[in-house]
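Please open the model in your viewer and keep the sequence panel beside it. The stops below move from the ligand site to the sheet.

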Amino acid sequence: MAGAAANVAAVRAVAGTCYFRASRSLACLARPAYRARQDRSNKWLAVLDGPGNRRLGVAELLFGRSSELAAITGFVERAGIGGEALLLLGEPGVGKTALLDAAASTAAEAGMSVLRAAGAQFEADLPFSGLHQVLLPLLDEFGRLDAVHGGALSAALGYGASPAPDRMLVSAATLTVLRHAAADSPVLVVVDDMPWMDRATAGVLGFVARRLAGTRVGFLAASRTEEEGFFERSGLPARELAPLDSQAAQSLLADRFPALAPALRQRVLSEAQGNPLALLELPAALTERQRASGQDLPPTLPLTRRLLGLFGEQLQQLSPASRQVLLMLALDSTGDARVARPGSYTPAEPGAVEAEQAGLLHSRPGTRRLDFRHPLVRAAVVELAASSERRAAHQALAELAAGQPDRQAWHLAEAATGPDERVAELLECSARRILRRGDAVGAVSALTRAAELSPGEADRGRRLAEAAYLGAEVTGDIGRAARLLDDAWRAEQQPQSSLQAATAAAYLLLNGDGDVETAHHLLAGALDNAVERPDITAAVVDDALNTLMLLCYWDGSPELWNSFYDAIETWKSSVSEALHLASQTWADPARTAAPALAQLDAAIERLTGELDPVKIIRIAIAGLFADRLASCRAALWRVVRDGRDGGAVTSAINALILLARDDFPAGRWDQAEQLVNEAIQMCEQLDYPLLARPALLVHALLAAVRGNEDRARELADQLLRWAAPRGIRWVQCYAWHARALAALGRGDFEHAYQQLTVISPAGELALYVPYAMHVSMDLVEAAVRTGRDAEAAAHVTALHQAGIAKLSPRLAMLVSGAAALAATGPDAIGFFEQALAVDRAGRWPFELARVELAYGERLRRDRATKASRRHLAAALETFESLGARPWAARAAGELRVTGLTSLRQSIPGPASLTTQEREIALLAATGLSNKQIGERLFLSHRTIGAHLYQIFPKLGITSRAALRDALADIPEPDNPGSSEH
Ligand SMILES: Nc1ncnc2c1ncn2[C@@H]1O[C@H](COP(=O)(O)OP(=O)(O)O)[C@@H](O)[C@H]1O
Ligand SMILES: [Mg+2]
């Protein structure tokens, strides 16, 4: 004992001089969030380092680890009571250390003493260096050991004289020290990177870990799955740490890199495979611009030094032949094992086998595929190869890919050392095929690379111009499009490339400052120059004309539209079906849509198998004003999903807005709001302010119908301030409508009338203002309510003359509703009934409820109180369920005037019927007689009669004929379901 005391004294004496060594060992706690520190009660606690000594927080910062954290907490608790050991296993970067941190924090919170150590790769040869880390905070305890054990331990840790301490003695001494320490408060030993522990420490810790039962000492260690060290882990409980699930991976990425471009986000998610380290480091290895735009990414993402170290480590030890095999596999995206050995694959292929044995490759049973253990291994293979090696591998792969032109073109391009027109042309053809498959981003990359490889200036210009056009119209990468365009202008100009360049430039001008006029001038000029040039393809002309049409729509003036129709005439043979349809159904549908509807419906039907996002958007736009969007939803959702995955983002923004525009009349207002929010977010990420404006218009309309008057006013004013000086008429129309809806809701009919008649004057449907059709009932209501009966009647006449009721059931409902509102005599009722009888009118609940409200108001004035209540109640219920507060208040007010004081209970309606009454009523509504109903229900016809006598007043009706309408449930909004997302 005296000897031990002396040893301790010696230890104390040398502690200072040994500090250098201790701190070196401590330094291999690579990123310790904890630091051992003695607190006032002389206990060792682990506390969090860092500002303010944050004790909490580690667990909160972990994504997707709740079940692991729960398991670890359970383990810590049990260990503190009865001793227990646990090993955490997992690939590098999966989050083992992070979980150890969390466990240490939990234990410290619970008052346990935490002892930490970590193996370090280059210290594995230093005997007991690990144990030194573990026991350093317990030096005081050594004094309680007997001389033999104390001496052995001190010697092991470098304080004593004994040259070769006995391993068994050291192990036993360590266990005893830990037990002693745990007598004061439970202890948790936390060891990271176990396989790198020196052999001596590994032996001691293995001994200790198996003898903890009954001790109040816990032992928690982490190891890489594939790494075998000196630590004997058999028989110890282990837990394999899986990669993060995709939800958690996305959240982590969104948290740390909120501004990552969607295309890059997808790349990172797929390369990282739920590995948190990779999720954090892959974006870090890219430039700011690559991160923000997601473009110009190399085929394999570069690795940071840290990732390369972790995932490339084993590669260095392979033979050159194996590395070549790996490189071929890494550069070939198919994973086809034949790549590893051209000709036939035999499992004995030496390079593949060595890599398989090293655990870098897995062959999938039953297939000829070889997969990398982790995508980052593949990235490391590429990164470690010299560029000449990569080119040679691509050349070999190109030869293997004969018969697969896209792959071959890509490999040849990667193998090329300088311009090569043959390869450039192959790539250009490949771009066309890629685009047809719906991958616009891939097409832009292929075209840009083709331009780089073009020896001729003219070819280069043409390819750049096409890439710029696609970038602007489809992929949404405005910044890149501008740069490509810049280069394209500099190259020699041919009519075709100048037409494409002008198309791209038109988009850029429109997006930049909304300069419609200049954009139009430029594009119309380029089209003029291109006339009668035989080398211009129809597709290029069609794109240009589509853009021209868009500009006409933004401008809205008849002069521009006239010149557009002239251009269409000139280029007749190049006009696609989508363009033809839109020119009929979108520009001025009140006059031209009807004859084109059959063809439009057929084109929409064909969207089922359509992948090209541009085509989907163009057809959907053609269907917008003829209320055909509902049938385009599935295709539009495909475009949205593709954009979310970093595909054609411009198209996705358009699709989101179109879906929202369909949701608005359909009463799915929350969804509409979410969709336009997503669209606005995408616009911000891409610096594409142009498209945010249509999205804001939907917000303005939503605010108006929900009665958020301030917001509606603010948004409408903001949009008008932008649109007015630029003469962007359609944006103005929507903003005026938002103001009008807000005014109608609060009953300010004069203001509503003023706004609506700027969209289109009463008595006409203004030329090239398609929106005028959809605001027609609003206009008539405002006119009638401000005593402008003549104007109202004139407008209804105009609607009838234009025949817009034929374009869609919704328009039929609005026209009948308008006619009913304008009618001064008894024929109003007929029009109201006509409006309500429109096929599945409940698909547009807000507008239907407006008809019901107007109907109820009219009936009340005609003193048909009971019937009026029914319509008012239906309107009230719909407005309430939609959240259309001002209208709900209007309907409730009207109901009150009918003498209903207690609204809920006394509103007549199907809800107040008993089950049997309801059954009888339904049968009676189908036209069955009392006798027939009685037969069905096994009741006498008298009983049926008596029931009906009860039923009529409950429904607020007086005749059998009114039953059907009274029972028509307030229609469900036609929600196609959440599968859409
Ligand atoms: N669930 C998680 N949520 C957020 N970040 C994590 C998560 N798991 C690990 N990390 C972070 O990822 C990186 C790698 O984790 P780490 O624990 O060092 O991995 P390992 O020890 O398994 O190699 C660290 O920066 C860590 O903070
Ligand atoms: Mg670690």
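**Around the ligand**

Select threonine 97 together with ligand 1: a polar side-chain atom of this residue lies 2.6 Å from an oxygen atom of the ligand, a polar contact being a pair of N or O atoms within 3.5 Å; within protein, one must be able to donate a hydrogen and the other to accept it, and residues adjacent in sequence count only if both atoms are side-chain atoms. This is a predicted model, in which local features need pLDDT of at least 70 and side-chain atom pairs count only at pLDDT 80 or more, while totals for chains, interfaces and linings use all residues. Residues are numbered from 1 along each chain as its sequence is written, chains are lettered from A and ligands numbered from 1 in the order in which they are written, and side-chain values use heavy atoms, with hydrogens and water left out.

Taken alone, ligand 1 exposes 550 Å², of which the protein buries 87% (accessible areas by the Shrake-Rupley method with a 1.4 Å probe; for residues, only the protein chains shown count as cover).

Next, display the 17 residues around ligand 1, of which Phe63, Gly93, Lys96, Thr97 and Ala98 come nearest (a residue is near if one of its heavy atoms lies within 4 Å).

**Into the sheet**

Now show the five strands of the open sheet, which is parallel in its pairing and ordered β4-β5-β6-β3-β7; strands are DSSP runs of E with at least two residues, helices runs of H or I with at least four, both numbered from the N terminus, and two strands pair if DSSP finds at least two bridges between them. Colour β4 (113–118) and β7 (238–240) separately: each stands at an edge with a single partner strand, so one side of each has no neighbour in the sheet.

Finally, zoom in on β3 (residues 84–90), which pairs with β7 in the parallel sense over three bridges; select leucine 87 there, whose bridge partner in β7 is alanine 238.
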